[in-house]
Structure formats: structure tokens, C-alpha cells
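User: I would like a close look at one chain of this model, its build and what it touches. Please keep it brisk.

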Amino acid sequence: MTTISYPNLDDCIQTTVLDNGLHIYCVPRERGAKTFAMLAVNFGSVDCRFTLDGTKYDVTPGIAHFLEHKMFEEEDGNALQKFTALGAQPNAFTSHTMTAYHVTCTDRFYDCLEILLRFVTTPYFTDQNVAKEKGIIGQEIGMLDDTPSWQAYVGVLEGLYAVHPVHISVAGSKESIAPIDPQMLGVCHRAFYSPANLALIVCGQYDFDRVVEMAERITPKQSARIAARDYGAEPEQAALPYIERRMAVSRPMFILGCKDTVPEQPYARQLVGELAADCVCGKSSPLYDRLYGEGLIDRTFDPDYFTFPDGACAMFSGESRDPQAVRAALEAEMRRIAGGGLEDAVFTRMKKAAYGKYIRRTSDPAEVCRMQAEACFSGASCFDFAEVFGSVTKEDIVQRIRQWSADGMTSLTVIAPQKEGNA
Amino acid sequence: MYHTTKMSLKDGIGLTCVTTKQSKTSCLSAMLALPLGAEGRSKSALLPYVLRSSSRAYPGRQAVAAQLDNLYGARLEPVVRKRGEAQLVGFVADVIDERFAMPGEGSLFAGTAQLLSALLLKPDSFDAETVSREAEQLCARIASLPDDKRSWAVRRMYQHMCAQEAYSAVELGDIDAVRAISPEELEAHYHSVIQTAPLELFYCGSLPAETVAQQLREAMQALPERKTLIYPQFDAPCAPQGTQLREVTEEEPVAQGKLAIGLRTGITAFDDDYPAMVLFNACFGGTTSSRLFRTVREQLSLCYYASSQTDKLKGVMAVSSGIENASEPKARAEILHQLEEMQDGVTADEVEAARRSVTASLRAMQDSPLSLENFYQTQAAAGLTETLDELIARIQTVTAEDVTRAARKAVPDTVYFLKGAGA
């Protein structure tokens, strides 16, 4: 066991790697009420083109998410019911970059851990249970189809990326999940669910040796070879400058995406990118104040940043009566900052706020596990943020914004109301 | 590991303190409780948004935002809530714990409390531009309530079911009324609210209750002496209206239909049977081992979600599910069928699973200052003094017979279907 301490953050991580390659990270919280455990798989919706044992695969959109649903099914029942019978709260999510299974409990932690380790590493797919899931996921996709913010998010990624599979919706479509069968699910499980491609993360109250002993006993003794992924050759500039969709919204919703370079250190880039987006139009920035005062943006406005394998982008989302005017203002502000216009006071204030935001996130065991899953798949630790914010310079920020403000880097998606004058 | 203290700072100002060393943040909130049916509802809803930009000490929106960022990205958000037939308006703040600030920063809690009091109690006169801008923003929020179809279907269902009750009112106000508010009217309304509405404060964090009370007493000194306080009423809930189910269908241009079934339970947090109702809700549609999840989703594959929730101050329950239009009769029949089955008797096993699940969720709230804030502010608004631990203790004594009895009190009243008319 290795323990890494972060005295300034009042936290530490205990970690080890099993012989089968499984990484284990545990963060003790002696005084908390709940314990949160997550088994994260380094397999997300972007991993749809891969080579396994010499065969090239191009799997159907939505299969990582479909697999997530199906893993809960076990030969002797459903893992969801087993967790809830213990009083635990299980759940899972699939993102562009990972699939994660997790459980929150306030007692019987080891019983929960056993269920978690077992069901994620034991595939059980039948024609019947796969067919049944298409009805459930079909309704989940139907719900997403009706969710304007999700459609805006899918739209902006389509606008930015021509080749990279990040432009495909995580859950796929009703059509794309139709051909999924047990054999295809089996290929994906074999390609990506080996212990070496997994991370077990626990935050709360536990005995480290017992966690390790259980993981050794329950997970497969050896890892298969992990599939080689291919994201294609993505052009530098945005694919489309503008996308518009009409939906049942009361007023236009928008996301302006700004394409960034492929990060060498994705963890640090994520933090620097978020901070740079805040410096452009965070809540206490001069631009935010002006746009809010003019009634062009409201409290829904949010600057954000997104890193994923082989890519990164900034996103500015919100609702506005005039998204084009917001775009013009954001782009002008980015050019102003790129030309040296970032005030020291703004940079210092935003940095302090970003540090506080990360302290707040590490307060919640569930967030700690999620942050650690994201960090560990790019070779970092979730508590490295203090060091990154400690060393980031104004020039680092300006460099990002300069990249976003270069020609052809932005794409705007607008979800417009169906009827004119509906606002 | 944590300690709850309830006290009165002076007449009409209550304070609940949860002292805990677990969290890395602290939370502070101030809520004024008003009757939901009162004439000034729209003005009350607008108040916190205008107050946030009208402070004498921090004039303008950006001054507040900059101060918050200097407090390490503290958040101080205007809040408007509906709790039973009360409208709560005020502010919720959270800030990182003192121990993570740099040396020589001064107290982050004191800074936050001081800012809160400056916004709530020491406004400058309201200027026309701020009032009209915030009114427009609020109107946009009210107009966008239908954008989220899942919650909109439940809201519409309650509006039909409780058409004759204050409960049907929109806590954010009505668009026409909000638009018509002048700065003078709003200022007069502010003075009347501040003179008559009970004020509840909540703190959760590492500081001892006496220290918090002392600082808040000072921060709230600007509150005028009050003679007459008006408390919201939580009357006995309305009886079911006959045996005929009310049926309402409305259309929206979306892909997926949303079914919402409203039930009268007549059991509120004031009743001895309340813990049994909590467990009935969990068994019926509150967890992934509930009847609705297992039948409507897992067996019949009709939906992604089918769940139930109660309003603990109103004695009503809503079942909601997102389905294909064509599945409506089948889903509705199954939901009502499951209710009838439970009224014939629930099993000891399902009650035990529900008890473990509910107990775990309530215990897990102890790790989340914002969840505790919501719980204790709702308790305080209704004059309920039960702590989280006391509620957990009551839940331990509920029997399967108690749950069956609670199930029998749940009478279906309104079936609302938001029909998808194609996106």
C-alpha cells in the first residue's frame, strides 16, 4: 500500500495495484456517515472503433451505455435489487470517457462491495434480457430527445468535431441500439472490462486490507489484453460554425463551443481550461456583468471546459433572447484577452474561486470518487488540483484563450422555440 | 459526529445549527416564510432576486459576485420554494471551511454572514432598471417551467387536482403579475414582509453553535422590531373528492408522453402515521426495488422511470413515468393495480428493504450540508421540531401493518397525461 498525503487539504489516498492490474484508490473519511464505492471502467462512448486480437471493430453508437444497463443483470437476479435489499443506493453512468458503477451505503459496506466487484466483472447477456432492455433504453433516449439542454450539448459537439466519435450522443439512438445483441456486448466486455482497465475507488469508512483482499478474490486472476482505440484524424478547426434545432422551449438555449488543442496533460488542462473559461465570462467577470445588465444572459449562463481522449474544448451555455449577440460578445472578449487584456485582479479572484470550488467538490465522497476516476485514467490524482492552481500563471490562461479565439475554432448550437413569439 | 441545536435568536427569528467536523464547507441560509395563497406571492418571489443587486454596501450585481469569489468562490443564491402551502423566500449560501483558506484571510463564515445580512436587511431603494431586469429574468424562468416535461407533468397534475387550493399556485409567481410590479410597490412589499414574516436561519459547519448564534445575532441586528408575525398555515388536507377519477390529457410537441397520477394520502409530517407513509412511498415507487420499478420498468419494459414522491406538508403523492403514448392505458392500469395489491397487504420483506433504504438515505444526508439545509428549513417553516435522528428512530418502529394502513389511505384522485404530439 502507498499512502499519499495532502495535509493542506486534510485528505489522503491509499493506493495499490493488484497482480491482475486493477488499480485501487481509497480515501478515508472517518467522521462521515456514508461510504461510497465506485468501480470505473476506462470505456466510454468515444471508444467505438478499436482493435482486439487482430480484429478491427466499429461498434454501433450507444453500446457502452447499453452494456452499462445490462451488467446489472446476473444469472441469479438483478444486482440493483440485491443492493436495495441491503438498503444501499446503487447507480451507474456512462459518459463519453468512462462507464462507472457505484453504490452509496451507511452500513453493510463489504456486502455491497462484493456485489459491485462481482457483477461488473461477470457478463450475463441473453437474447431475452437484451431485448427487454431495448424498451427501457428506448424510453431513456426518448426522454433525452425531449431534453433541450442535452440536445444542445450533442449539437455543439457535432458542430466542433467532424471525425472524433465524441460527436455521437452517449446513449445512441433508438435505431442505433436496435442491432445490439449478446455477442456484440460480449466483445465490448472482453475488450475493455479486464481488471487492468478498471479502477476501484472507495471514499468513507473501510479497512484497506479487507478491500484489497476482496478485490483479489472476486476479480479475474488475469487481465486480457485491452483493445487498442482509434479516434481518427480530427481537423484542427470546428466542423460547422452554426447548428440550429427547434424544440419545445420557451426561449432560445445555446452553447458556444471553442475547440482547443489535444492536451498533453489532460488533468491539468481540465483545470486550466475551466479557469480560462471563467476568466472570459465567469460570474464576477466584466463581460458577465455587461451581458447580464443588457439582459442578454441570465443566471443559467455557465462557462465550462471538457477534456476527453484526443481532444478538449471550452463551452459557454445558457439561455438568451439573442444567442448570436452573446456569441459575438464572447468572441470579442476572447480576442481582447488574447491581445493581453486580462486584468490581474480578475485572474487572481477567479483562481481563488476555482480553488474553492474544488475544495467544495472534495467534500462529498461521491464527488471524490468521480473526480478520482477521471483523474486516474489520465495519470493524476483528484487532489492534485491544489498544486495546479498554485502554479498556474496568467500566461497559461491567455494561451488557452488565444487558441479559442483563432479563426474557425468556435461553433454555436441554438435550440430555438418552435413558434415565433413564444417567449 | 454531529450535533443539532435549535434556538430562538429573538421573537420571530429561529436558528438551527448542525455542528459537524466532517464537511469541508459550511452552509448558511435565511428564509422568510409566507402563506402561498397570499396576494403578494409574485412580489415575494421577485424580492430575493432584486435584493441581491440592491445592497447599499455592495451596489450592483458585480460587487456581490466579486466579494463571493474573494470568499473562495462562495455561493449565495436567491431561493424561492414551495413547501406545502407555504412560500419560502430567501438566500442559501455555502463557503469552504476556514481551515482551507490562506493565513490572514479573516473568517470566511463571518464574511458570508455579513454579506447575507447586507443583502437581506440593508438594501438601497430599488432602482427601476434592476427591478425590470430581474422581473424579466423571473418571467423567463416561469415561462421555462414547461421545458422540463418530467417535472412539468407533475406540476400540471397538481394544478388540476388542487385547483381549489392554494397549493396549485406557482411559487415563482405569475408572469403578468411579475411584469406589473413597480419599484415602489416592491419596496413597500419588502417592508411589509420584513415586518411580518417569520425568519428562519440555518447553519451547518464546524463552528460551535454559540459562536454562530453570537455572530448571527449581530448580523441580524438591522432587522426591525416586529409586533405582528403572520405564520403560514398548514391546514388539514382536503378529503378525496368523491370516487370518480379526474382525468386530464394535454398535448405538447414532444416525442415521449408523461403520465402523472395524483393521490390524496391525508398524511402529513404532523401525523403519527407519517413514518409509515414514508415507507409506503419507498415500497410503492421510491427505490429501485419498489413495486413500480420492478413491474412497470423491469417486467413490462414500458419506461425508463416510474416513481412516486410525496409532499410531506400537503398529504399528497405523485406517481410519474415517461412512456410511449400507446402505453398509457397499460402503464396506468399497472400502477393502479400495484396500489390495490399493496392495499391488500405488503410483505415484511419489502418493508424491511424500504426501511433500510430510507434509513440509509436519511443518514447519508448528514454528510451533505445542503440536504440538511433543505430538511431543517422545511421543518422550521411548518413549526416541526423533529430532528433527522428522531425521524430515523420513528421509522425503525413501523410495522408491515402500519404500511398497509398507510397504503389504504392513498386514494387516486387525478390521472394526468401529457401526450407527446411529436417533436
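Predicted model: local features only at pLDDT ≥ 70, side-chain atom pairs only at ≥ 80, totals over all residues.

Analyst: Start with overall size. Along the principal axes, the C-alpha atoms of chain A fill a box of roughly 60 × 50 × 40 Å. Of the 423 residues in chain A, 55% are buried.

Next, the fold. Chain A holds 15 helices and 17 strands. Take the contacts in chain A between residues at least 6 apart in sequence: 83% of them join residues at least 24 apart.

Now the domains. The assignment for chain A gives domain 1 as residues 2-229 and domain 2 as residues 242-417. Their C-alpha centres lie 27 Å apart. Between them, 40 residues of domain 1 of chain A are in contact with 31 residues of domain 2 of chain A. Look at the domain 1 side of that contact. Strand 1 (2-6), strand 2 (11-17), strand 3 (23-28), strand 4 (35-41), strand 10, helix 5 (148-160) and strand 11 (198-204) of chain A each give two or more residues to it. Helix 5 of chain A gives the most, with 10 residues. By class, this side of domain 1 of chain A has 21 nonpolar, 15 polar and four charged residues.

Within chain A, one helix pair deserves a look. Helix 1 (residues 63-71) and helix 4 (residues 127-145) of chain A pack at an angle of about 115 degrees. Their axes are 10 Å apart. The crossing of these two helices of chain A is right-handed. From helix 1 of chain A come A:Phe66, A:His69 and A:Lys70. They meet A:Asn129, A:Val130, A:Glu133 and A:Ile137 in helix 4 of chain A. The residues of this contact divide into three nonpolar, two polar and two charged.

The contact between the chains takes 56 residues from chain A and 54 residues from chain B. On the chain A side, two or more residues come from each of helix 2 (79-85), strand 9 (89-94), strand 10 (99-105), helix 4, helix 10 (286-293) and helix 12 (344-361). The largest share, 10 residues, comes from helix 12 of chain A. By class, the side of chain A that touches chain B has 21 nonpolar, 17 polar and 18 charged residues.

Finally, chain B. Its domains are domain 1 (2-219) and domain 2 (246-420). The centres of these domains of chain B, taken over C-alpha atoms, are separated by 29 Å. Here 35 residues of domain 1 of chain B are in contact with 32 residues of domain 2 of chain B. Helix 5 (149-161) of chain B is among the elements that supply at least two residues of the domain 1 side. Helix 5 of chain B gives the most to that side, with nine residues. By class, the domain 1 side in chain B has 16 nonpolar, 11 polar and eight charged residues.

Methods: Residues numbered from 1 in each chain as written. Chains lettered and ligands numbered in written order. Axes fitted to C-alpha atoms, helices over the stretch in contact; angles between N-to-C directions. Helix = DSSP H or I, 4+ residues; strand = E, 2+ residues; numbered from the N terminus. Left-handed = near helix turned anticlockwise from the far one by under 90°. Contact = placed C-beta atoms within 7 Å. Nonpolar A, V, L, I, M, F, W, Y, C, P; charged D, E, K, R; others polar. Buried ≥ 20, exposed ≤ 12 C-beta atoms within 10 Å, placed from the backbone. Domains from an automatic or database assignment.
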